[in-house]
Amino acid sequence: MRSSAAAVAVVLLAFSCPAIVHAAETDKQIFDSAMQALSAGDYVKAEAGFTRVLQLDPRNLGALANLGVVYSHTHRYAKAIEIYQRALRISPQLKAVQLDLGLAYLKQEDYSHALPYFRQLHSRYPDDHQAAMLLATCMVFGGQPQDGIALLKPLAEDSDPDPAALYLLGVAEARAGQQQAAQQVFARLFATSATPAQSNFLLGEAYYDAAQFAESEQAFQAVRQADNAFPGLHRELGKVYLSQRQNAEAERELKQAIQQDPADANAYYFLGALLVQSNRYRDGLPYLEKAQAMAPDSWATCFYMGKAKLELKETPAAIRLLQQSAEMNPDAPEVFYLLGRALRSEGRTQEAAAAFHRVTELHSTALEAESRALKSASVAGAR
């Protein structure tokens, strides 16, 4: 649930998650019943069916792939990733599974893990628009906007360009500091079909993703003037205020977002996280619990819930939540640091030491990556 969630959604809206529909003859009746349940949106029955098929045939690719789809549709991305990886160990070149695995990472905004799958797909299928767009998304939001621009420009120069490609190109250019070029791209995007509210909303999101918060606020205020009830306005404006450390304004907007749309999981998450960060632990927990019920596979929600529980001296519950967060995101040092603190306070010193060791490993890895990046930049500058 980081800053680029809405922009990623613009890209993902264009794509579906294909599934393999293959099953061994002996499992066909169970498999077909599970497929019917999946098509009908009965994910409980579908999950039970595909799980039964895998008990009979653990290497059944159709059951693995479609069980991954069930997990993705129910926001259990960690489980989806695990099952897709299991399928790829059996058949490494399955395009549909590579795509779905990359999408599972992308939906969590884990660009570094998603990128290799989309890069491989783009390499194998250079004319596949979907693969190119998803690879560009990872580049733009994963810190490589110039690479994203190079990939997106041919897509944006078509006589009838994909609006998602134009939007993503504008975000990439804004992130790369090319403001005039970004504004020209957005002008093309908004010229024909968007209302003033739609145009300014997308512009506000693009500025937000480029960390230009004053410009983002200005665009969202223009949306407010055009249509104060525009879907998502109060949530996005609340996020801008959060980034500007205007906490009272952020709280007000996020509460309005929830009032406007009680099913807005992101609004609940951001409000809950804000309250926890403001040391209002008991106030924040109900919002985070709501967010978790709607999006149960969010490591960040578990992290803030764990932090609140730890500060409220509900240490066993904090440990469970932080362990869950660490399982979903094993590369977040802040999770392991709090987990180490919680374990140590319960006298579980060996486990605490392991958690603190993981913090050290992650900081070391980050420093090494930064050093490599600086070295590469120095070499490039000398050429």
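A crossing of two helices is called left-handed if the near helix is turned anticlockwise from the far one by less than a right angle, and right-handed if clockwise. By that rule, H2 and H3 make a left-handed crossing. Helices here are DSSP runs (H or I, at least four residues), numbered from the N terminus.

Before going on, some ground rules: this is a predicted model, where local features need pLDDT of at least 70 and side-chain atom pairs count only at pLDDT 80 or more, while totals for chains, interfaces and linings use all residues. Residues are numbered from 1 along each chain as its sequence is written, and side-chain values use heavy atoms, with hydrogens and water left out.

**Helix pairs**

Two packed helices are described by the angle between their axes and the distance between the axes. Axes are lines fitted to C-alpha atoms, for helices over the stretch in contact, and angles run from 0 to 180 degrees between N-to-C directions.

| Pair | Axis angle | Axis distance |
|---|---|---|
| H2 (28-39) and H3 (43-56) | roughly 155° | within 8 Å |
| H6 (95-107) and H7 | about 150° | 8 Å |
| H19 and H20 | roughly 150° | within 9 Å |

Angles over 145 degrees count as roughly antiparallel (under 35 is roughly parallel, 65 to 115 roughly perpendicular, the rest oblique). H2 and H3 are therefore roughly antiparallel. The angle of about 150° makes H6 roughly antiparallel to H7 as well, and H19 and H20 are likewise roughly antiparallel to each other. H6 crosses H7 in a left-handed way, and the crossing of H19 and H20 is left-handed too.

Who touches whom? Contact means heavy atoms within 4.5 Å. On the H2 side of its contact with H3 you'll find residues including Ile30, Phe31 and Leu38, facing H3 residues such as Tyr43, Phe50 and Leu56. That contact divides into 11 nonpolar, 2 polar and 2 charged residues. For the classes, Ala, Val, Leu, Ile, Met, Phe, Trp, Tyr, Cys and Pro count as nonpolar, Asp, Glu, Lys and Arg as charged, and the others, Gly among them, as polar.

On a 1 Å grid over the protein atoms alone, a cavity is a set of points where a 1.4 Å probe fits but cannot get out, and a pocket is an open set with protein on both sides within 12 Å along at least five of seven lines; lining residues have an atom within 4 Å of a point. Grid points are joined across faces, edges and corners, and a volume is the space filled by probe spheres set on the points.

The second largest pocket holds about 930 Å³. Its lining has 34 residues, with Gln108, Asp110, His113, Met328 and Asn329 nearest the centre. H5 (77-90), H7 (111-124), H8 (129-141), H19 (315-328) and H20 (333-345) each give two or more residues to that lining, and H5 gives the most, with 5. By class the lining has 13 nonpolar, 10 polar and 11 charged residues.

There is 1 cavity of 30 Å³ or more, and the largest cavity has about 40 Å³ of space. Its lining is Lys95, Leu99, Leu121, Asp128, Gln130 and Ala131.
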